[in-house]
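Visitor: Hi! I'm new to reading protein structures. Could you walk me through this one?
Guide: Happy to. Let's bring it up and go step by step.

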Amino acid sequence: MTDDYLSRIGNLIRDARKHRGWTQTQLAEVLNTSQSAVNRIEKGHQNLTLEMLARIGEALDSEIVSLGGGPVHLRVAGGRQLSGAIDVKSSKNAGVALLCASLLNKGRTTLRKVARIEEVNRLLEVLNSIGVRTTWLNDAGDLEIIPPTHLDLSAMDAEAARRTRSIIMFLGPLLHREDAFELPYAGGCDLGTRTVEPHLTALRPFGLEVKATGGQYHALVNRAIAPGKPIVLTERGDTVTENAIMAAARYDGVTVIRNASPNYMVQDLCFYLDLLGVKIDGIGTTTLTVHGKADIDVDVDYAPSEDPIEAMSLLTAAIVTKSEITIRRAPVEFLEIELALLEEMGLDYDRSTEYLAENGRTRLVDLTTRPSKLHAPIDKIHPMPFPGLNIDNLPFFAVIAATATGQTLIHDWVYENRAIYLTDLNKLGGRVKLLDPHRVMVEGPTHFSGAEIMCPPALRPAVVTLIAMMAAKGTSVLRSVYVINRGYEDLATRLNSLGAQIETFRDI
């Protein structure tokens, strides 16, 4: 390996380690080596075998190298306008929650048009390992889930479980099936120190106690304990709310959950549980009343609604490339703040009359964009729990602001270090100043130019970088895009269908 290549690999390893929140010593312990060796690797002063690269990649959940042919990269020929129409796919986060919720049901669950992404694949690996039968029914992404009479938790695929944060959402369903069980520590797209304590606080009223030791969550359930008063969530988080709802779904009584998230994936979970016979009052509000059922044995067919984050991704691509496209089946009730802000910034677009998603509940529209001259908003842009601007949509406003005239302050108060990755836009000619780990100042307008960049290890900043490359003059390369494949299905192919020119390739 050349010194330049070793330095680039070392930088990627360092970024992935920091993103996971590990010190060099912690990575060294996992690799059974020394901290000084890790330091040399990260500085590009250590030759590396393919075996060592594979071990590091597995430890950090980063496709630094794949023995199946090397990491996947994207080559982007920028400066092309998009045209045509595209449908928004079903919600990734709803699909993940519904896979976990299927454990509540003894009957068959059929989910329609499930996103075939890495996060879903990992959960299916975990479910299959404990005895759940899952079958893809067709190319449309319809998925059949049939649970066994008894789960074999001792056979759980621990590696697959550690590679997804969604494993934490097994706590709610499993506490009704098992008196004692273990789960591997949650992993996935690490964005800083996000504690699991809010989950445990929400589930203690159902008798769940969890101790975390030796890389495992050790759970014990005391059946004598039941909710005696409303459960007040200490964090209005989506997955925390989903865990509490799933625990309440099979509690034979009424549970009131306050400070609940009313976000899109929570609503999809509630709609699914309604088909299972679990009545939930207050869907779409911060107070939910769940009328649980001790036993659920129903064959159900449910279509999760469309993904507002993917809709925002497509909308951003249209804005930044100054294109006229139609984005069909956009879940407007989860984009209304974003659209209002974009209107304030000068976006010219049309929206169709509203119609219902296949679940019969979620409101959809078709959005048609037109090339627009944007200006910076008067106030800072920051996320809020629904119905505020979606936390996952915030990074897209960095690249949008880069094309607008003026200065835009973006405040990502939720994650400790996600904002840092937005400064990768500077490598493409952007002017993004990091004020602190939570805030960036973006100055526009920007004339993006091509560059070669290691893919940020956080999903949304990675897609933001890709979109900027689509607007950049010349050719860009985005290296090691595994994180994008975790959250999007065939994104490059679908953007190419609109006229983008994105080529997938490998080094080896």
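Visitor: What's the strand order in the open sheet of 4 strands?
Guide: The order is S9-S10-S12-S11, and the pairing is mixed. Strands here are DSSP runs of E with at least two residues, helices are runs of H or I with at least four, and both are numbered from the N terminus. Two strands pair if DSSP finds at least two bridges between them.

Visitor: Before we go on, what am I looking at?
Guide: This is a predicted model, where local features need pLDDT of at least 70 and side-chain atom pairs count only at pLDDT 80 or more, while totals for chains, interfaces and linings use all residues. Residues are numbered from 1 along each chain as its sequence is written, and side-chain values use heavy atoms, leaving out hydrogens and water.

Visitor: Back to the sheet: which strands are at the edges?
Guide: Strand S9 (231-232) and strand S11 (279-281), each pairing on one side only.

Visitor: And how do S11 and S12 pair?
Guide: S11 runs antiparallel to S12 (residues 287-291), with 3 bridges between them. Asp281, for instance, stands opposite Thr289 in S12.

Visitor: OK, new topic. How many aromatic pairs does the structure hold?
Guide: It holds 4. Rings of Phe, Tyr and Trp (its six-membered ring) pair if their centres lie within 6.5 Å; planes under 30 degrees apart are stacked, over 60 edge-to-face, and the rest tilted.

Visitor: Why is the pair of Phe206 and Tyr251 edge-to-face?
Guide: Because their planes are at 75 degrees; the ring centres are 6.1 Å apart.

Visitor: Where do those two sit in the chain?
Guide: Phe206 is in the loop between helix H9 (197-203) and strand S7 (208-213), and Tyr251 is in the loop between H10 and S10, 45 residues apart.

Visitor: Is Phe206 buried or exposed?
Guide: Phe206 counts as buried, at 5% relative accessibility. Buried means under 20% relative accessible area, exposed over 50%, and partly exposed in between (1.4 Å probe, protein chains only).

Visitor: What about Phe334 and Phe386?
Guide: That pair is tilted, with 4.9 Å centre to centre and 45 degrees between the planes.

Visitor: Last one: which ring does the charged end of Arg116 sit over?
Guide: The ring of Trp136, 3.9 Å from its centre. This counts when NZ of Lys or CZ of Arg is within 6 Å of the ring centre and within 35 degrees of the ring normal.
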